[in-house]
Amino acid sequence: MRTLPGLVVFALSAVLASGLLRAASEDPPPWAYGFVSAGGAAAAPAPPAAPAPPAVPPAPDPTPRHVPGSTAAFPLTEIRDAFGPADWFPGDHPRMPEIVAHGRRPDVRACSLCHYPNGKGRPENAGVSGLPVAYFVQTMADFKTGLRKSADARKANTNVMITIAKGMTDEEVKAAAEYFAAMPWTSWIKVIETSTVPKTRIAGGMFLKLEGSDNEPIGDRIIEMPEDTERTEVLRDPRSGFIAYVPVGSLKKGEVLVTSGGGKTTACGVCHGADLKGLGPVPGIAGRSPSYMVRQLYDMQHATRVGVWAELMKSVVANLGNDDMLAIAAYSASRVP
């Protein structure tokens, strides 16, 4: 016959086990990976139609473009140059190492193309400024050795990052790590609780507001979009930030999980610091992209991201459902870095 303490332990174990099973069975939240619907056979694209005759590509647009606050002017070809993208504000950052500014052909694109010269990045990739050097170096090693992939196989830029990591030398990785670590992470994302969000389209894994004023229910999603679509999507302006719309109530729920664990996880401050700004080689999570954070929590839970840092997170993420990850990401993104 079980004693009362034994029954309590048994019941608690059953609750934790059911949470673990629920978490393990949930699909990747498509919004965090830059998609509208879940992957799988049901979402597979239709077979391609017969190829059309090759079209003559339009001539590059030579029109010089401008962004507020910069005296520079660049055509779109330079703004989007994978091996030398436009630097609108060279005074905002230290002198870029060659690998950051230009990359190295054929496979190593310039870090500044996707992550910007100031390391701020965008929701479809990562903000890398302010990351500890050791953490950055280990992350690149994990990409290189196959320890870090995406739980949603449709996320193509993860494979691009793997290719880049494999092409970089140890010296290049170290130079990039030290460059980005020298710039502290600062506020970049405005978090807003809401029940409705502007209707959007997706381009390159990023939600972009449609023209007009139509809204739709937010549901169980975080919709992270540029404050100014043109300045971000077209001009790649590294001073134009983002808005993260989160469901009503998610900040309060997230605060409980982040600060105390809420009976499901470990308080984030134990490793990331009481202010969530990082502790030694452990990165800060305050004020960073909630879309990115949910991807990492899910990837670590489902073992598509493994390695040194993921191993330390294994017990932390084990019992989290997608709704818990959303709340944690929403709250941490709302904190001042």
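Trainee: Why is Cys 271 called partly exposed?

Mentor: The relative accessible area of Cys 271 is 44%. Buried means under 20%, exposed over 50%, and partly exposed in between (1.4 Å probe, protein chains only). So 44% puts Cys 271 in the partly exposed class. This is a predicted model, where local features need pLDDT of at least 70, side-chain atom pairs count only at pLDDT 80 or more, and totals for chains, interfaces and linings use all residues. Residues are numbered from 1 along each chain as its sequence is written, and side-chain values use heavy atoms, without hydrogens and water.

Trainee: Is Cys 111 buried or exposed?

Mentor: Cys 111 has 12% relative accessibility, so Cys 111 counts as buried.

Trainee: What makes β6 an edge strand?

Mentor: β6 (223-226) pairs on one side only, and so does the other edge strand, β1 (189-194). The sheet is open, has three strands in the order β1-β7-β6, and its pairing is mixed. Strands here are DSSP runs of E, at least two residues, and helices runs of H or I, at least four, numbered from the N terminus.

Trainee: How do you know that β6 and β7 pair?

Mentor: Pairing needs at least two DSSP bridges between two strands. Four bridges join β6 to β7 (residues 242-247), so the two pair, and they run antiparallel. Glu 224 has Ala 244 in β7 as its bridge partner.

Trainee: What classes of residue make up the lining of the largest pocket?

Mentor: That lining has 21 nonpolar, nine polar and 11 charged residues. Nonpolar covers Ala, Val, Leu, Ile, Met, Phe, Trp, Tyr, Cys and Pro; charged covers Asp, Glu, Lys and Arg; the others, Gly among them, are polar. Cys 114 and His 115 are among the lining residues nearest the pocket centre. A pocket is an open set of 1 Å grid points over the protein atoms alone where a 1.4 Å probe fits, with protein on both sides within 12 Å along at least five of seven lines; lining residues have an atom within 4 Å of a point.

Trainee: Which helix gives the largest share of the lining of the second largest pocket?

Mentor: α11 does, with five residues.
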